[in-house]
Every structure is written in structure tokens, then in C-alpha cells.
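Hello,

Here is the structure I promised to pass on to you. Have a look at it first, and my notes follow below.

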Amino acid sequence: MGALVCSPLKKMKNRYGIPEIALTRIRKRDTHCVYCGVFMPDRAGKANTKSFASIEHLYPPGSDPAWVCFCCNECNAAHRMPLPEWFKTEYCLTRNINEKTVAELVKRFLKSGLKEYDQMWVDGSTHDFILRADWKTSATDTGIAFLKRSTLCESEKKCFDKIADEIRDPEFIRWNPSRDPKLSRYNGYEYWIEGEIIYRREFKSKCGVVE
């Protein structure tokens, strides 16, 4: 099994890898918090401002602008659970935050059928790594591919470790108790880890159809 060839990651304007032109467009759209509706100045030079704009991701990967918006720092800190559950908390109830009062993008997300905790959370660099990694298959070709940490260069090991942390993340089990605790899904595959090896296979629904 040969080592992967390390290729430099594309320099990113923000730590999530969101294209800067898309982020600028989103910021112009979201001048007010998508949840509570408060006006949000940029944080730079506004140290004394209680509320400021922060990037909010509704669905992974972190580099995909499709489900990116801006909310105030207070709502971002408070949103630590699926939206339907969050709307029931005292934080939202006292601020009249619910499925009818949130911004249009959030309403579209709620109607999309996507669930915040049905996939691993990955940023742009980890997403790119998953796509370009040299996943190996066994000689028997069982449909299972694997990636061994020892074959990676140092920068890729960091992405490997991020994936491993996500697979082990108890938050996914907390909000999706029916999920197998050893498996995590992402981008059409389900992943699991054994020692220093990450395995994956195409995810199939109960009807046998690849999702």
C-alpha cells in the first residue's frame, strides 16, 4: 500500500473554505440575524457591540455556501441542537424565534427534509480531502474502502483525525438515537473507524437504494 502524494490545499479566505465572493453576497443579504432579526454589524472594530455577525452553517460541508447564513453571535452560541428542538428552549421562546419568524433561508432548510445531525460535520479542507484521498479496496472487492492513517502525510493526518473525531462525536447519537453509534454518514457513504483505519461504504436505505 503506497503512501498518498500530498498536494497543497487551496488557500482559503476563511477557515471554512467558503468562496469569498459567495460570502460577501450572503453577508449583503443577511444584514439582520436570520434567527432573532437583530441588526448585526461586523465584528471588526466593534469590540463594544453586544451583537455582531457570525457565520452560521445549516448543513455540511462547511465550504458549501448553499446552506450558509449569518446570525448574531448570541444566537450562534445558543444554537447547539436541531432547530425544532432549539425553538422549544427558553432562549427562543423569550425572543419569539420559531419556524414562522426565522429568515427565508432557514425556512427553506426546515422544509427541505435535511436534518442537521444526519451527517458528519466537515470543513472545506476535510471535504476536499475526503474527495481526493486514495481510498483502497480489498482484494475481494466487498464494496468497502479504507484509508490507513500511517500512509498519509502530516497535513492529511490532521484531516484524518477530524473525520475520526466526527465519527466518535456523541452529539450525533444524542439527536439521532436510532443511528448505529459506530457509523457516521457523509456525502452518500457511511464511515466507521477501527484503530488507525477509517472504512467506508455506500450508504443504502432499508429498501436497498443508495441515497
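Helices here are DSSP runs of H or I with at least four residues, strands are runs of E with at least two, and both are numbered from the N terminus. Before going further, please note that this is a predicted model: local features need pLDDT of at least 70, side-chain atom pairs count only at pLDDT 80 or more, and totals for chains, interfaces and linings use all residues. Residues are numbered from 1 along each chain as its sequence is written, and side-chain values use heavy atoms, with hydrogens and water left out.

**The chain overall**

The chain contains eight helices and seven strands. Of its 211 residues, 45% count as buried; buried means under 20% relative accessible area, exposed over 50%, and partly exposed in between, with a 1.4 Å probe and protein chains only. Among contacts (heavy atoms within 4.5 Å) with a separation of 6 or more, 58% are between residues 24 or more positions apart.

**Back to H5**

Which residues of H5 are buried? They are Leu 105, Val 106 and Phe 109. Seen down the helix axis, the buried residues of H5 fall within an arc of 100 degrees, so they line one face; the arc is that of the directions from the helix axis to the C-beta atoms. These buried residues pack against H1, E2 and H3. The face turned away from the buried side carries the exposed residues Glu 104 and Lys 111.

**The nonpolar cores**

A nonpolar core is a set of buried Ala, Val, Leu, Ile, Met, Phe, Trp, Tyr and Cys residues joined through side-chain atoms within 4.5 Å. The largest one has 30 residues, and those with the most contacts inside it are Tyr 35, Leu 58, Cys 75, Leu 83, Trp 86 and Ile 97. At least two residues of this core come from each of H1 (20–29), E1 (53–57), E2 (68–72), H3 (83–86), H4 (90–95) and H5 (104–112). E2 gives the largest share, five residues. Apart from this core lies another, of 18 residues, including Met 120, Ile 130, Leu 152 and Cys 159.

Leaving out residues up to four places away in sequence, Leu 58 touches Tyr 35, Trp 67, Cys 69, Leu 83, Leu 105, Val 106, Phe 109 and Glu 116.

**Aromatic pairs**

There are nine aromatic pairs in the structure. Rings of Phe, Tyr and Trp (its six-membered ring) pair if their centres lie within 6.5 Å; planes under 30 degrees apart count as stacked, over 60 as edge-to-face and the rest as tilted. Trp 67 and Phe 109 are edge-to-face, because their ring centres are 5.3 Å apart and their planes stand at 70 degrees. Trp 67 lies in the loop between E1 and E2 and Phe 109 in H5, so this pair ties together parts that are 42 residues apart in sequence. Phe 109 is buried at 1% relative accessibility, and Trp 67 is buried at 18%.

Trp 86 and Tyr 91 form a stacked pair, 5.9 Å centre to centre with 25 degrees between the planes. Together with Tyr 35 and Phe 87, Trp 86 and Tyr 91 form one aromatic cluster.

**Cysteines**

How many disulfides are there? The count is zero, where a disulfide is a pair of cysteine sulfur atoms within 2.5 Å. The sulfur of Cys 33 is 3.7 Å from its closest cysteine sulfur, in Cys 36, so it is too far for a bond. Cys 75 is in no disulfide either, and the nearest cysteine sulfur, that of Cys 72, is 3.7 Å away. Cys 33 is buried at 5% relative accessible area, as is Cys 75 at 0%.

**Backbone details**

A cis peptide bond, with omega about 0 degrees, joins Pro 60 and Pro 61, and Pro 61 lies in the loop between E1 and E2. Asn 96, in the loop between H4 and H5, has a positive phi near 55 degrees although it is not glycine.

Best wishes
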